[in-house]
Amino acid sequence: MTSGSQTIIAVFLVDDHPLVRQGLALILEQAGFTIAGEADSVEGTRAHPGLAAAQVAILDLSLDQANGMDLLPDLCQRGIRVVVYSMHEDAAIVRRTLAAGAKGYITKREAAQALVPAIRAVLDGGDYVSPRAAAELAQHRGDPDLSRQQEQLYDLLGQGCDTHEIATRLHVSPRTVETYCTRLMDKLGLAGMKELRQHAIADRQRLSL
């Protein structure tokens, strides 16, 4: 969207708390952005007509018993740059989110005004990790670092998908999925497939709190 020679950036807000969306909209509009739309759920976001005009999405990970991570592939495929704004500060969650395609991560214990430089940074082609999230990553630098494919596999396991469904979603054979799971278990230090599934499901439930 343009106004004269100035490009106006359209931002889409995804958060299940109306007051949070209202506050973010006010901050972003005062900074010169426009709000393309708002939604409080995964399906509400996918169905919202305003999503087509958005260049950036501000995404919460916990959406009323749902997982905002489910939206990341959809938003990225649309060419929308995603900045996560979440209460979760765990280094593993920050890493998973960035590996899944998010360009920025800001914790909700930091000032919402940090979204303004974050949006500008990701529009310039960079990444933005807020100080608190960056400190958490630095503190856990030695933790296992999963590839994007491993993150996808881990997330599908967390959704309760079986081997054949995962194979279909990742466009590989069931045997390949088993090989990926073995490598993932080694990386995470888990004893077997049952423990890997339980670990993935527990992480997903934690994101939905």
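Contact here means heavy atoms within 4.5 Å. With that in hand, welcome to a short tour of a predicted model, in which local features need pLDDT of at least 70 and side-chain atom pairs count only at pLDDT 80 or more, while totals for chains, interfaces and linings use all residues. Residues are numbered from 1 along each chain as its sequence is written, and side-chain values use heavy atoms, with hydrogens and water left out. Helices (H or I, at least four residues) and strands (E, at least two) are DSSP runs, numbered from the N terminus.

**E136 and its surroundings**

- E136 sits in helix 6, which covers residues 131-139.
- Setting aside neighbours within four places in sequence, E136 is in contact with E89, D90 and A91.
- E136 is buried but has no salt bridge, and R109, the nearest side chain of opposite charge, is 7.2 Å away.

- An open sheet is built from 6 strands in the order 4-3-5-8-9-10, with parallel pairing; two strands pair if DSSP finds at least two bridges between them.
- Strand 4 (34-39) and strand 10 (128-129) are the edge strands, each pairing on one side only.
- Strand 3 (residues 10-14) pairs with strand 4 in the parallel sense over 5 bridges, and A10 stands opposite T34 of strand 4.
- Helix 5 (residues 115-123) lies across strand 3, strand 5 (56-59), strand 8 (81-86), strand 9 (104-107) and strand 10, and runs at about 155° to strand 8. For such angles, axes are lines fitted to C-alpha atoms, for helices over the stretch in contact, and values run from 0 to 180 degrees between N-to-C directions.

**Salt bridges**

- The count comes to 9 salt bridges.
- K108 forms a salt bridge with D60, their closest N and O atoms being 3.1 Å apart. This pair links distant parts of the chain, 48 residues apart: K108 is in the loop between strand 9 and helix 5, and D60 is in the loop between strand 5 and strand 6 (62-63).
- K108 is partly exposed at 25% relative accessibility, whereas D60 is buried at 4%.
- D15, D60 and K108 are linked in a network of salt bridges.
- R109 forms a salt bridge with E89, with the closest N and O atoms 2.9 Å apart. R109 lies in the loop between strand 9 and helix 5, and E89 in the loop between strand 8 and helix 4, 20 residues apart.
- R109 counts as exposed at 60% relative accessibility, while E89 counts as buried at 15%.
- D155 and R96 meet in a salt bridge of 3.3 Å, N to O. D155 belongs to helix 7 (residues 148-158) and R96 to helix 4, 59 residues apart.

**Cysteines**

- The whole structure has 0 disulfides, a disulfide being a pair of cysteine sulfur atoms within 2.5 Å.
- The sulfur of C76 is too far for a bond, because the closest cysteine sulfur, in C161, is 19 Å away.
- For C161, the closest cysteine sulfur is in C181, 11 Å away and likewise too far for a bond.

Definitions and conventions. Buried means under 20% relative accessible area, exposed over 50%, partly exposed in between (1.4 Å probe, protein chains only). Lys and Arg count as positive and Asp and Glu as negative; His and the chain ends are not counted. A salt bridge is a side-chain nitrogen of Lys or Arg within 4 Å of a carboxyl oxygen of Asp or Glu.
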